[in-house]
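Work through the exercises below with the structure in view. Each task is followed by a solution in steps.

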Amino acid sequence: MAETERTIQAIAVSPGVAIGRILRVDRSGRDVEIRRIAEAEVPDELARLKVAIDLTRRQLTRLRDDVRDKLRSADAEIFDAHLLLLEDKMLLGDVEKRISRDLLCAKSALHGSADHFAKVFEGMADEYLRERAVDLRDVVVRIADNLTPEKAVQANNTGDRRIIIANTLTPSETVRLDKKRVLGFAVVTGSATSHTAILARSMQIPAIVGIPAELLETLGATDRIIVDGYSGKLIINPDDRTEEAYQTKIRSTGKLIEELAGERDLLPVTRDGFEVELAVNLESAEQYEDACKAGAHGVGLFRTEFLFMDRLHIPDEEEQFQIYKKLLIAAGDAPVTIRTMDVGGDKFNDTIYQSVENNPFLGLRGIRLALYERRDLFDIQIRALLRAGVYGNLRVMLPMVSSIREILYSKRIIAELQQKLEAEGKEHVKRLTLGIMVETPAAAMMADNIADLVDFFSIGTNDLVQYTMAIDRGNERVAYLYQPSHPAILRLIRNVVEAARARNIYVCVCGQMASEAIFAPLLLGLGVAELSLAPSALAAVRRVIRSISLHEAETAAEKALRCSHSGETIDIFHELLTRRAPEIAGFLD
Amino acid sequence: MENTEQQRDSGTGCVVAEVRISHSLGLHARPAAQIARLVSGFQAKVSMTKLSDGLSADCSSVLSMLVLAAGNGTKLSIAGEGPDAAAAVECLVRFFQDGFDED
């Protein structure tokens, strides 16, 4: 019980402090303990099984087609056999019986069936047939892996809230975390700008990444830990003094947050009278109300890929239309910037596009995937957006643009869909406000040419930093090179701002950089007048903007543009922040 | 069709034929999958029974056929029931005669 305190330095990705016991989430799904369900849960569990089977079917079909193209068709038939096993009445009947009669969760039922039939096969005289147990196990493991992890997290029915410890959490797993049961999380892989970290911030759950993998084995359910989402520290079995210090920190942070919340109706205006537009980044329309309470003016980035995350179904045109319409009406005159689905990289490849790429971040993602792999989904989304646009101040932006051709092609598709809607007599926007995400160095460098074709730029700093610095943002070994304040990034941003000014179009920054108190003055100084942030960052950034003058921000930014490395630019803005808003700077230490 | 006999019981609409597996691997996953696929093209309900021990399997379920553990040389009776039972059974009989039609 009286273990000695131990501190491990990891990487902070979502602010806040969590103190509590741990809950380990095991994704492999094998050797999990048998979980029983209540009779009332049976229909849900059967539905979960069906969803996982549907997803497995799509994956296997894709695999089969890939193999058929590359290898002999006889090899592809192995996957055909797997596909048939997937539909097999005897297997599914057995699994379903284990769920509805034995009241087992889908995962336990699947493994129970696999064990049962494996025994039958293993008892066979014929060696070849004995090995069929492997095929069966393969299919069952695939289905089990595709079960939504929701219930695994909810399996914590001890009632108390826990800190999740895992090797990795995917974005879809993160959004399914039940905030009421989760205090925070600490994972082995990831970085500050991985989508999982972005989600943790938006859900306001303290999180750290980069903890040592061996902790997964050594930490037990009785260990008490502290996750410090400000400094990145993980403290195991803290002594009373440490815990008291953290409780004090939680209280003082709470006080400042309360104080800042009282400022939500104040305009984000600098001391010399320059008004900044502060919008929010959202993953779902439901978050908008909370964002408004925090004082947001409009939506600078609505990440629609999260609509496609649920494996149950892909929303059709009507459903998307209703979602966009509702959001636009809620926002009134305030602009709502909706980004067309940005699938790929680390986001939801499994639902939309199943393929293994060596370099997913450099592969088929964003607008590339929309135009050349899933035109069907892109068309549906554009139609829904065009129709919803009449209900408010809609702006649409395209993700991951690296070539002017992609913009021209998209505009042609939009024009065609407008004609179709016209012919069908459906109400739609005739003149769509269209912009692009500037997140590749190519787009940033070509901003002057691109500015002739679009109505606005939105700089996605997370990807822009990743692609400019040539680092994989999920790789903790090169994470130190993730430097938003690197002069190379500042020069690219400046280039975009100047191109936009020359054509009189506007620029917004919607990447993580905009949410960081230290960088808000830097962005203003570079000429960005619109920031779109995580709702949780609104209060602090508003306070910082109100504490500085545009003039001093510009002077500091001019200096930063001439720096040779990011450390110098951080020094300049850290000094500015400490001088003007020391209470906010205190957060960073 | 020389070495198989197909019998139709006009009372029940049931068609039965006998086959012998001639493939070194027996009735393994790939042919079982092909049988299931072939059968899905017919309305008839088709099953197979091992003559040696009377165990039977549903020809639309790969798993139930594999559970038979029918090795090379196993004799099976194939039974179809339904409007196109005769055609379904004939199709399977040919598949067995061709040694599962593999390279």
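**Exercise 1. Confidence**

What pLDDT does chain B average, and what percentage of the residues score at least 70?

Solution. The model is predicted. Step one: the average pLDDT of chain B is 83. Step two: 84% of its residues score at least 70. Step four: for the complex, the predictor gives an ipTM of 0.74 and a pTM of 0.62.

**Exercise 2. The interface**

Describe the side of chain A that touches chain B.

Solution. Step one: 18 residues of chain A are in contact with 18 residues of chain B. Step two: find the elements of chain A that each supply at least two residues of this side; they are helix H2 (73-87), helix H3 (89-100), helix H4 (106-122), helix H5 (127-130) and helix H6 (132-146). Step three: H2(A) gives the largest share, six residues.

**Exercise 3. A strand of chain B**

Assign the residues of strand S2 (residues 14-20) of chain B to its two faces, then find its partner strand.

Solution. Step one: the covered face holds B:Val15, B:Ala17 and B:Val19. Step two: B:Cys14, B:Val16, B:Glu18 and B:Arg20 form the uncovered face. Step three: S2(B) runs antiparallel to strand S5 (residues 75-81) of chain B, and seven bridges join them. Step four: take B:Cys14 from the uncovered face; its bridge partner in S5(B) is B:Glu81.

Terms used
Residues numbered from 1 in each chain as written. Chains lettered and ligands numbered in written order. Predicted model: local features only at pLDDT ≥ 70, side-chain atom pairs only at ≥ 80, totals over all residues. Contact = placed C-beta atoms within 7 Å. Helix = DSSP H or I, 4+ residues; strand = E, 2+ residues; numbered from the N terminus. pLDDT = per-residue confidence, 0-100. Buried ≥ 20, exposed ≤ 12 C-beta atoms within 10 Å, placed from the backbone. Pairing = 2+ DSSP bridges.
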